[in-house]
Amino acid sequence: MVICVGLYIAEISRPTERGTLLSLIPPLTIGGTLVVYVLGYIFFWQTVALILFAYCLVVFGVMCFIPESYMWYMMRSDKLHATKALHWLRRDPDQVEREITDAEEHIRRLEVTSNYSYCENLKDAAVYKPFLILVVFSIFQQQVGYNIITYYAVDFFSSFESEFDGNVLSIVFAGLSTIGSLLLLTVIHKFNRKTLLAASGIGMTIAMTIGATCLSIDGVSPEIPILCVFVYIMFCMLGMIDIPWMIVGEMFATRVRGSMCANVTVVIFIVTFFNVKSYPFLNDWLGVSGLFWYFAIFSFLTVIYSNIFLPETKDKSLFEIEEQFRK
(Lines give C-alpha, C1' and ligand atoms only; values in the text may rest on other atoms or scores of the structure.)
Protein backbone atom coordinates (compact mmCIF):
# COMPACT_ATOMS: atom_id res chain seq x y z
CA MET A 1 0.00 0.00 0.00
CA VAL A 2 2.76 2.44 0.95
CA ILE A 3 4.65 1.89 -2.31
CA CYS A 4 1.75 1.51 -4.73
CA VAL A 5 -0.63 4.31 -3.70
CA GLY A 6 1.72 7.16 -4.58
CA LEU A 7 2.98 5.34 -7.67
CA TYR A 8 -0.55 4.72 -8.94
CA ILE A 9 -1.65 8.32 -8.36
CA ALA A 10 1.47 9.66 -10.11
CA GLU A 11 0.78 7.53 -13.19
CA ILE A 12 -2.95 8.23 -13.58
CA SER A 13 -3.06 11.97 -12.82
CA ARG A 14 -2.34 14.95 -15.06
CA PRO A 15 0.58 17.26 -14.12
CA THR A 16 -1.73 20.08 -12.98
CA GLU A 17 -3.65 17.86 -10.55
CA ARG A 18 -0.91 15.41 -9.51
CA GLY A 19 0.39 17.56 -6.66
CA THR A 20 -3.05 17.98 -5.11
CA LEU A 21 -3.87 14.27 -5.35
CA LEU A 22 -0.50 13.17 -3.96
CA SER A 23 -0.78 15.69 -1.12
CA LEU A 24 -3.94 13.88 0.03
CA ILE A 25 -1.91 10.82 1.04
CA PRO A 26 -0.16 12.27 4.13
CA PRO A 27 -3.23 13.82 5.85
CA LEU A 28 -5.23 10.64 5.30
CA THR A 29 -2.33 8.51 6.55
CA ILE A 30 -1.73 10.68 9.61
CA GLY A 31 -5.49 10.95 10.14
CA GLY A 32 -5.50 7.16 10.32
CA THR A 33 -2.77 7.33 12.96
CA LEU A 34 -4.90 9.78 14.93
CA VAL A 35 -7.90 7.44 14.71
CA VAL A 36 -5.80 4.53 16.03
CA TYR A 37 -4.46 6.68 18.89
CA VAL A 38 -8.03 7.62 19.86
CA LEU A 39 -9.29 4.03 19.53
CA GLY A 40 -6.38 2.82 21.64
CA TYR A 41 -7.27 5.37 24.31
CA ILE A 42 -10.90 4.16 24.40
CA PHE A 43 -10.80 0.39 23.72
CA PHE A 44 -8.67 -2.63 24.53
CA TRP A 45 -6.17 -3.49 21.80
CA GLN A 46 -8.13 -6.62 20.78
CA THR A 47 -11.17 -4.48 19.92
CA VAL A 48 -8.99 -2.04 17.96
CA ALA A 49 -7.49 -4.95 16.00
CA LEU A 50 -10.96 -6.20 15.04
CA ILE A 51 -12.04 -2.72 13.91
CA LEU A 52 -8.95 -2.36 11.72
CA PHE A 53 -9.44 -5.87 10.33
CA ALA A 54 -12.96 -4.97 9.22
CA TYR A 55 -11.63 -1.79 7.62
CA CYS A 56 -9.03 -3.77 5.65
CA LEU A 57 -11.81 -5.92 4.21
CA VAL A 58 -13.63 -2.80 3.02
CA VAL A 59 -10.45 -1.48 1.37
CA PHE A 60 -9.93 -4.80 -0.40
CA GLY A 61 -13.51 -4.75 -1.71
CA VAL A 62 -13.19 -1.21 -3.07
CA MET A 63 -9.85 -1.97 -4.77
CA CYS A 64 -11.50 -4.71 -6.83
CA PHE A 65 -13.41 -2.02 -8.80
CA ILE A 66 -10.41 0.23 -9.59
CA PRO A 67 -8.67 -0.35 -12.98
CA GLU A 68 -4.93 -0.79 -13.36
CA SER A 69 -2.83 2.26 -14.28
CA TYR A 70 -3.05 2.96 -18.02
CA MET A 71 0.75 3.47 -18.11
CA TRP A 72 1.18 -0.05 -16.73
CA TYR A 73 -0.82 -1.38 -19.70
CA MET A 74 1.03 0.83 -22.18
CA MET A 75 4.44 -0.40 -21.01
CA ARG A 76 3.15 -3.93 -21.79
CA SER A 77 1.88 -2.94 -25.26
CA ASP A 78 -1.76 -3.43 -24.25
CA LYS A 79 -3.28 -0.33 -25.83
CA LEU A 80 -6.85 -1.64 -25.64
CA HIS A 81 -6.91 -2.03 -21.84
CA ALA A 82 -4.87 1.18 -21.42
CA THR A 83 -7.52 3.11 -23.36
CA LYS A 84 -10.34 1.56 -21.31
CA ALA A 85 -8.56 2.39 -18.03
CA LEU A 86 -7.87 5.98 -19.09
CA HIS A 87 -11.45 6.45 -20.30
CA TRP A 88 -12.67 5.27 -16.87
CA LEU A 89 -10.54 8.05 -15.35
CA ARG A 90 -11.04 10.93 -17.82
CA ARG A 91 -14.50 10.40 -19.40
CA ASP A 92 -13.26 12.57 -22.29
CA PRO A 93 -12.47 10.72 -25.58
CA ASP A 94 -10.32 13.57 -26.97
CA GLN A 95 -8.27 13.80 -23.78
CA VAL A 96 -7.85 10.01 -23.75
CA GLU A 97 -6.61 9.98 -27.33
CA ARG A 98 -4.08 12.76 -26.67
CA GLU A 99 -2.64 11.06 -23.57
CA ILE A 100 -2.45 7.65 -25.26
CA THR A 101 -0.63 9.23 -28.23
CA ASP A 102 1.84 10.99 -25.91
CA ALA A 103 2.47 7.74 -24.04
CA GLU A 104 3.07 5.83 -27.30
CA GLU A 105 5.55 8.46 -28.49
CA HIS A 106 7.43 8.36 -25.21
CA ILE A 107 7.54 4.55 -25.16
CA ARG A 108 8.90 4.50 -28.74
CA ARG A 109 11.79 6.67 -27.60
CA LEU A 110 12.46 4.16 -24.84
CA GLU A 111 12.49 1.07 -27.04
CA VAL A 112 16.28 1.07 -27.14
CA THR A 113 16.52 0.75 -23.35
CA SER A 114 13.29 -1.14 -22.59
CA ASN A 115 15.01 -4.54 -22.50
CA TYR A 116 17.88 -3.50 -20.27
CA SER A 117 18.67 -5.65 -17.27
CA TYR A 118 18.33 -4.32 -13.74
CA CYS A 119 22.07 -3.53 -13.50
CA GLU A 120 22.11 -1.88 -16.93
CA ASN A 121 19.14 0.30 -15.93
CA LEU A 122 21.11 1.57 -12.95
CA LYS A 123 23.60 3.14 -15.40
CA ASP A 124 20.85 5.41 -16.76
CA ALA A 125 20.99 8.93 -15.30
CA ALA A 126 17.18 8.94 -15.08
CA VAL A 127 17.48 5.97 -12.70
CA TYR A 128 20.56 6.34 -10.54
CA LYS A 129 20.36 10.12 -10.05
CA PRO A 130 16.88 10.21 -8.46
CA PHE A 131 17.68 7.05 -6.49
CA LEU A 132 20.82 8.57 -4.91
CA ILE A 133 19.14 11.94 -4.35
CA LEU A 134 16.17 10.36 -2.55
CA VAL A 135 18.26 7.94 -0.47
CA VAL A 136 20.58 10.68 0.83
CA PHE A 137 17.61 12.96 1.40
CA SER A 138 15.86 10.24 3.44
CA ILE A 139 18.96 9.92 5.66
CA PHE A 140 18.85 13.66 6.40
CA GLN A 141 15.08 13.77 6.71
CA GLN A 142 14.89 10.91 9.21
CA GLN A 143 17.10 12.88 11.61
CA VAL A 144 14.66 15.81 11.91
CA GLY A 145 12.76 13.89 14.62
CA TYR A 146 9.26 13.35 13.27
CA ASN A 147 9.32 9.54 13.36
CA ILE A 148 11.06 9.45 16.72
CA ILE A 149 8.39 11.66 18.28
CA THR A 150 5.60 9.73 16.53
CA TYR A 151 6.72 6.28 17.63
CA TYR A 152 7.70 7.36 21.16
CA ALA A 153 5.00 10.02 21.56
CA VAL A 154 3.83 9.03 25.05
CA ASP A 155 7.37 8.57 26.43
CA PHE A 156 8.62 11.72 24.70
CA PHE A 157 5.90 14.00 26.10
CA SER A 158 6.06 12.37 29.55
CA SER A 159 9.75 13.38 29.78
CA PHE A 160 8.76 17.06 30.09
CA GLU A 161 7.24 16.48 33.55
CA SER A 162 4.20 18.52 32.52
CA GLU A 163 0.86 18.40 34.32
CA PHE A 164 -0.70 17.10 31.09
CA ASP A 165 -0.92 13.35 30.49
CA GLY A 166 1.48 11.96 27.86
CA ASN A 167 -1.34 9.96 26.24
CA VAL A 168 -3.45 13.09 25.78
CA LEU A 169 -0.49 15.06 24.40
CA SER A 170 0.22 12.27 21.90
CA ILE A 171 -3.37 12.54 20.62
CA VAL A 172 -2.96 16.34 20.32
CA PHE A 173 0.31 15.72 18.44
CA ALA A 174 -1.42 13.39 15.94
CA GLY A 175 -4.31 15.85 15.58
CA LEU A 176 -1.98 18.73 14.77
CA SER A 177 -0.10 16.51 12.31
CA THR A 178 -3.38 15.90 10.49
CA ILE A 179 -4.27 19.61 10.47
CA GLY A 180 -0.79 20.49 9.19
CA SER A 181 -1.13 18.02 6.32
CA LEU A 182 -4.52 19.48 5.44
CA LEU A 183 -2.96 22.97 5.35
CA LEU A 184 -0.52 21.66 2.76
CA LEU A 185 -3.49 21.04 0.46
CA THR A 186 -4.24 24.77 0.41
CA VAL A 187 -0.75 25.80 -0.72
CA ILE A 188 0.59 22.85 -2.73
CA HIS A 189 -0.40 24.36 -6.09
CA LYS A 190 0.50 27.93 -5.16
CA PHE A 191 4.17 27.33 -4.35
CA ASN A 192 6.98 25.19 -5.73
CA ARG A 193 7.86 21.96 -3.92
CA LYS A 194 11.32 23.26 -2.96
CA THR A 195 9.88 26.52 -1.62
CA LEU A 196 7.54 24.60 0.69
CA LEU A 197 10.38 22.33 1.81
CA ALA A 198 12.54 25.34 2.65
CA ALA A 199 9.75 27.10 4.59
CA SER A 200 8.96 23.87 6.42
CA GLY A 201 12.57 23.17 7.42
CA ILE A 202 13.32 26.72 8.53
CA GLY A 203 10.15 26.83 10.66
CA MET A 204 11.12 23.51 12.27
CA THR A 205 14.64 24.77 12.92
CA ILE A 206 13.38 27.92 14.67
CA ALA A 207 10.80 26.01 16.78
CA MET A 208 13.35 23.41 17.93
CA THR A 209 15.98 26.08 18.65
CA ILE A 210 13.56 28.02 20.87
CA GLY A 211 12.53 24.79 22.61
CA ALA A 212 16.15 23.78 23.23
CA THR A 213 16.98 27.22 24.61
CA CYS A 214 13.99 27.13 26.99
CA LEU A 215 14.98 23.66 28.25
CA SER A 216 18.47 25.00 29.05
CA ILE A 217 17.08 27.77 31.27
CA ASP A 218 16.11 26.85 34.82
CA GLY A 219 12.59 27.67 35.92
CA VAL A 220 11.05 27.82 32.46
CA SER A 221 7.62 26.18 32.32
CA PRO A 222 7.69 22.76 30.57
CA GLU A 223 4.62 23.82 28.62
CA ILE A 224 6.76 26.17 26.46
CA PRO A 225 8.94 23.40 24.96
CA ILE A 226 5.78 21.33 24.42
CA LEU A 227 4.26 24.27 22.56
CA CYS A 228 7.45 24.46 20.48
CA VAL A 229 7.00 20.80 19.57
CA PHE A 230 3.45 21.53 18.41
CA VAL A 231 4.68 24.47 16.29
CA TYR A 232 7.45 22.24 14.95
CA ILE A 233 4.97 19.56 13.85
CA MET A 234 2.79 22.09 12.04
CA PHE A 235 5.78 23.29 10.01
CA CYS A 236 6.93 19.70 9.56
CA MET A 237 3.64 18.76 7.90
CA LEU A 238 3.89 21.78 5.60
CA GLY A 239 6.46 19.97 3.46
CA MET A 240 9.31 18.18 5.19
CA ILE A 241 7.43 14.90 5.73
CA ASP A 242 4.76 15.03 3.05
CA ILE A 243 6.47 16.31 -0.09
CA PRO A 244 9.24 13.63 -0.28
CA TRP A 245 6.56 10.92 -0.39
CA MET A 246 4.80 12.88 -3.13
CA ILE A 247 7.85 13.15 -5.38
CA VAL A 248 9.03 9.52 -5.03
CA GLY A 249 6.43 8.47 -7.61
CA GLU A 250 7.33 11.38 -9.90
CA MET A 251 11.11 11.16 -10.22
CA PHE A 252 11.87 7.81 -11.86
CA ALA A 253 11.89 6.75 -15.50
CA THR A 254 8.65 5.15 -16.65
CA ARG A 255 10.02 1.67 -17.35
CA VAL A 256 11.57 1.29 -13.87
CA ARG A 257 9.21 3.44 -11.81
CA GLY A 258 7.62 0.53 -9.96
CA SER A 259 10.82 -1.29 -9.03
CA MET A 260 12.79 1.85 -8.14
CA CYS A 261 9.98 3.28 -6.00
CA ALA A 262 10.00 -0.04 -4.16
CA ASN A 263 13.78 0.14 -3.72
CA VAL A 264 13.65 3.69 -2.37
CA THR A 265 10.82 2.79 0.02
CA VAL A 266 12.77 -0.19 1.35
CA VAL A 267 15.82 2.00 1.98
CA ILE A 268 13.68 4.67 3.66
CA PHE A 269 12.15 2.12 6.03
CA ILE A 270 15.56 0.61 6.84
CA VAL A 271 16.81 4.11 7.71
CA THR A 272 13.59 4.71 9.69
CA PHE A 273 14.12 1.49 11.65
CA PHE A 274 17.65 2.40 12.77
CA ASN A 275 16.62 6.00 13.41
CA VAL A 276 13.70 4.99 15.64
CA LYS A 277 15.76 2.37 17.48
CA SER A 278 18.42 5.01 18.21
CA TYR A 279 16.04 7.15 20.29
CA PRO A 280 16.80 5.56 23.72
CA PHE A 281 20.53 5.97 23.06
CA LEU A 282 20.18 9.57 21.85
CA ASN A 283 17.93 10.43 24.79
CA ASP A 284 20.45 9.05 27.31
CA TRP A 285 23.39 10.66 25.55
CA LEU A 286 21.97 14.09 24.65
CA GLY A 287 19.03 14.56 27.02
CA VAL A 288 15.82 16.26 25.98
CA SER A 289 17.44 19.64 25.25
CA GLY A 290 20.18 17.92 23.25
CA LEU A 291 17.55 16.13 21.19
CA PHE A 292 15.95 19.49 20.38
CA TRP A 293 19.30 20.83 19.14
CA TYR A 294 19.84 17.62 17.15
CA PHE A 295 16.48 17.99 15.43
CA ALA A 296 17.08 21.70 14.76
CA ILE A 297 20.49 21.14 13.15
CA PHE A 298 19.28 18.38 10.84
CA SER A 299 16.17 20.34 9.90
CA PHE A 300 18.44 23.13 8.66
CA LEU A 301 20.85 20.73 6.90
CA THR A 302 17.91 19.07 5.13
CA VAL A 303 16.81 22.45 3.80
CA ILE A 304 20.29 23.07 2.37
CA TYR A 305 20.47 19.61 0.79
CA SER A 306 17.02 19.78 -0.77
CA ASN A 307 17.68 23.27 -2.15
CA ILE A 308 20.83 22.03 -3.90
CA PHE A 309 19.92 18.56 -5.10
CA LEU A 310 16.16 17.98 -5.25
CA PRO A 311 14.65 18.78 -8.67
CA GLU A 312 11.50 20.84 -9.01
CA THR A 313 8.60 18.66 -10.24
CA LYS A 314 5.64 21.04 -9.97
CA ASP A 315 3.45 21.13 -13.12
CA LYS A 316 5.90 18.96 -15.09
CA SER A 317 4.86 15.77 -16.84
CA LEU A 318 6.53 12.52 -15.79
CA PHE A 319 8.25 12.43 -19.18
CA GLU A 320 9.68 15.95 -18.70
CA ILE A 321 11.02 15.02 -15.25
CA GLU A 322 12.66 11.92 -16.71
CA GLU A 323 14.40 13.91 -19.45
CA GLN A 324 15.51 16.51 -16.90
CA PHE A 325 17.76 13.94 -15.21
CA ARG A 326 19.42 13.01 -18.51
CA LYS A 327 20.50 16.56 -19.28
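Author: Before we start, contact here means heavy atoms within 4.5 Å. The model is a predicted one.

Reader: Fine. Which residues of helix 1 and helix 16 meet?

Author: On the helix 1 side, Val-2, Ile-3, Leu-7 and Glu-11. They meet Arg-257, Gly-258, Cys-261, Ala-262, Thr-265 and Phe-269 of helix 16.

Reader: What classes are in that contact of helix 1 with helix 16?

Author: Six residues are nonpolar, two are polar and two are charged.

Reader: At roughly what angle do the axes of helix 1 and helix 16 cross?

Author: At roughly 140°. Helix 1 covers residues 2–12, helix 16 covers residues 257–277, and their axes come within 10 Å. That angle makes helix 1 oblique to helix 16.

Reader: Why oblique for helix 1 and helix 16?

Author: Only angles over 145 degrees count as roughly antiparallel. The axes cross at roughly 140°, so helix 1 is oblique to helix 16.

Reader: Is the crossing of helix 1 and helix 16 left-handed or right-handed?

Author: Helix 1 and helix 16 cross in a right-handed way.

Reader: Another pair. How do the axes of helix 12 and helix 14 cross?

Author: At roughly 35°, with the axes coming within 7 Å. Helix 12 is residues 166–187 and helix 14 is residues 223–240. The crossing of this pair, helix 12 and helix 14, is right-handed.

Reader: Which residues of helix 12 and helix 14 make the contact?

Author: From helix 12, the contact takes Leu-169, Val-172, Phe-173, Leu-176, Ser-177, Ile-179, Gly-180, Ser-181, Leu-183, Leu-184 and Val-187. Helix 14 brings Ile-226, Val-229, Phe-230, Ile-233, Met-234, Met-237 and Leu-238.

Reader: And how do the residues of the contact of helix 12 with helix 14 divide?

Author: 15 are nonpolar and three are polar. No charged residue takes part in the contact of helix 12 with helix 14.

Reader: What lines the largest cavity?

Author: Leu-134, Phe-137, Ser-138, Gln-141, Pro-244, Trp-245, Val-248 and Ile-268. Six residues of that lining are nonpolar, two are polar and none is charged.

Reader: Which helix gives the most to the lining of the largest cavity?

Author: Helix 9, with four residues. Helix 9 (125–142) and helix 15 (242–248) each supply at least two residues there.

Reader: And the second largest cavity, which residues line it?

Author: Arg-193, Lys-194, Leu-197, Ile-243, Ile-247, Leu-310 and Pro-311. The lining of the second largest cavity has five nonpolar and two charged residues, but no polar ones.

Reader: Where does the largest share of the lining of the second largest cavity come from?

Author: From helix 13, with three residues. Helix 13 (193–215) and helix 15 each give at least two.

Reader: Pockets now. What volume does the second largest pocket have?

Author: About 310 Å³. The second largest pocket has 18 lining residues. Pro-15, Tyr-70, Glu-99, Ser-317 and Phe-319 lie nearest the centre of this pocket.

Reader: Which helices each supply at least two residues of the lining of the second largest pocket?

Author: Helix 1, helix 2 (15–22), helix 5 (70–74), helix 7 (93–109) and helix 18 (318–326). Helix 7 gives the most, five residues.

Reader: How do the residues of the lining of the second largest pocket divide?

Author: Eight are charged, seven are nonpolar and three are polar.

Definitions and conventions. Residues are numbered from 1 along each chain as its sequence is written. This is a predicted model: local features need pLDDT of at least 70, side-chain atom pairs count only at pLDDT 80 or more; totals for chains, interfaces and linings use all residues. Side-chain values use heavy atoms; hydrogens and water are left out. Axes are lines fitted to C-alpha atoms, for helices over the stretch in contact, and angles run from 0 to 180 degrees between N-to-C directions. Angles under 35 degrees count as roughly parallel, over 145 as roughly antiparallel, 65 to 115 as roughly perpendicular and the rest as oblique. A crossing is left-handed if the near helix is turned anticlockwise from the far one by less than a right angle, and right-handed if clockwise. Ala, Val, Leu, Ile, Met, Phe, Trp, Tyr, Cys and Pro count as nonpolar, Asp, Glu, Lys and Arg as charged, and the others, Gly among them, as polar. On a 1 Å grid over the protein atoms alone, a cavity is a set of points where a 1.4 Å probe fits but cannot get out, and a pocket is an open set with protein on both sides within 12 Å along at least five of seven lines; lining residues have an atom within 4 Å of a point. Grid points are joined across faces, edges and corners, and a volume is the space filled by probe spheres set on the points.
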